[in-house]
Amino acid sequence: MRILLLGRTGQLGWELERTLAPLGEVYALGPQELNLTDLDALARQIREVRPQVIVNASAYTAVDRAEGQADLAMLLNAQAPAVMAKSARELNAVLIHFSTDYVFDGEKKSAYTEDDITNPLSVYGQSKLKGEQAIVETGCTHLILRTSWVYSLRGDSFVSKILAWARQQETLRIVSDQVGSPTWARMLAEITTAVLAQSLSAPQDYFSTRSGIYHLGGSGGVSRLDFARSILRLDSRANEQKVRALEAASTEDFPTPARRPLRTALDCSRFEATFGLHLPDWEECLRLAMSEQPTNPGP
Ligand SMILES: NC(=O)c1ccc[n+]([C@@H]2O[C@H](COP(=O)([O-])OP(=O)(O)OC[C@H]3O[C@@H](n4cnc5c(N)ncnc54)[C@H](OP(=O)(O)O)[C@@H]3O)[C@@H](O)[C@H]2O)c1
């Protein structure tokens with residue numbers, strides 16, 4: 001299998017570069033190799049590699065900054081995926097693309113399914129929705145995997161922020177009114193790779209008969225506050241924590257440029273039924289992720 005992976009330096013892309021390796025030839029590109037704002041260069045690169053599968057883990061993910069950089073967010077989250085989709089159609093390749101729970105407004109009282117109406121509250125959410133629509137419109141074979149609250153212990157995720165804040169502050173105030181499905185970047189990469197591995201021994205129409213949008217996040221929903229509580233409990237270097245109290249705050253207590261949806265737990269049953277895979281509970285994934293935390297941070 002010849003795979004073109006875009007966004008190899010991101011939380012998800014970093015994991016994918018490793019999990020995809022056994023499937024065949026992987027051409028992994030980050031911003032240093034290809035700046036995705038150059039849409040002609042992107043199309044050229046795809047034509048040169050002639051991949052059977054394009055895995056797009058790249059995105060403009062700075063939710064607050066996007067409010068003032070709408071053009072750039074649209075370019076990276078909508079126009080670049082449109083070029084990938086068009087190129088995939090020309091090559092008869094499959095496009096695997098990641099989208100977000102922020103395409104929803106968070107007003108629903110239960111977990112979101114793929115059939116629920118989208119209504120993004122932020123520029124980031126709008127740009128990701130436009131990306132989904134552009135891919136669907138080209139008619140290429142695609143899997144759009146909507147995920148949420150992606151974290152890894154590398155980089156700047158909610159988990160690494162909580163661990164850092166807990167070492168600096170005695171009291172942490174965390175919002176309790178945002179509920180979502182935390183998703184470990186490693187698990188997302190493993191599951192994506194499992195789908196591609198299945199296709200190797202499946203009939204040629206494996207992807208074309210399954211083309212569409214799927215929800216794919218850590219199973220179950222949790223508030224940011226309870227998520228933070230679990231992170232601190234699983235911290236293998238809890239002796240370094242200064243924090244003595246975790247206090248509940250509301251989203252309104254922390255005004256941000258972008259509005260965030262309050263409740264976006266994802267119902268992932270369509271993905272599980274279609275691909276015969278089990279999505280581990282968010283808490284089990286967090287336990288596995290935290291077990292990789294270095295016990296000795298070194299000099
Ligand atoms: N993070 C979340 O909580 C979350 C939630 C829901 C959905 N998602 C979706 O999941 C996917 C993966 O997210 P992630 O957290 O892994 O994102 P991430 O860590 O921000 O990684 C994004 C990747 O895109 C690259 N990129 C950005 N601008 C670029 C440009 N101009 N040219 C080339 N590459 C560029 C980044 O390069 P740099 O290394 O230079 O930044 C990085 O490799 C995205 O589609 C995102 O929308 C994420």
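Which helix does Gln126 lie in? I looked this up in the predicted model, and Gln126 belongs to helix H4, residues 123-138.

**Gln126 and its surroundings**

Setting aside neighbours within four places in sequence, I found Gln126 in contact with Met74 and Pro120. I also looked at Ala78: 48 residues separate it from Gln126 in sequence, while the C-alpha to C-alpha distance is 9.1 Å.

**The buried side of H1**

Then I turned to helix H1, residues 11-19, and asked which of its residues are buried. My list reads Leu12, Gly13, Glu15, Leu16 and Thr19. These residues span an arc of only 165° around the axis, so they sit on the same side of H1. A handy reminder for my notes: an α-helix has 3.6 residues a turn, so residues three or four places apart point the same way. What covers the buried residues of H1? I found that the cover includes strands E1 (2-6), E3 (53-56) and E4 (94-100), along with helix H6 (185-200).

**Cysteines**

Last, I went looking for disulfides, and the count came to zero. For Cys285, the nearest cysteine sulfur belongs to Cys268 and is 11 Å away, so with a cut-off of 2.5 Å Cys285 is in no disulfide. Is Cys285 buried or exposed? I have it down as buried, because its relative accessibility is 3%. Cys140 is buried too, with a relative accessible area of 3%.

Conventions
Residues numbered from 1 in each chain as written. Predicted model: local features only at pLDDT ≥ 70, side-chain atom pairs only at ≥ 80, totals over all residues. Heavy atoms only, no water. Buried < 20%, exposed > 50% of the residue type's maximum accessible area, 1.4 Å probe, protein only. Helix = DSSP H or I, 4+ residues; strand = E, 2+ residues; numbered from the N terminus. Arc of directions from axis to C-beta. Contact = heavy atoms within 4.5 Å.
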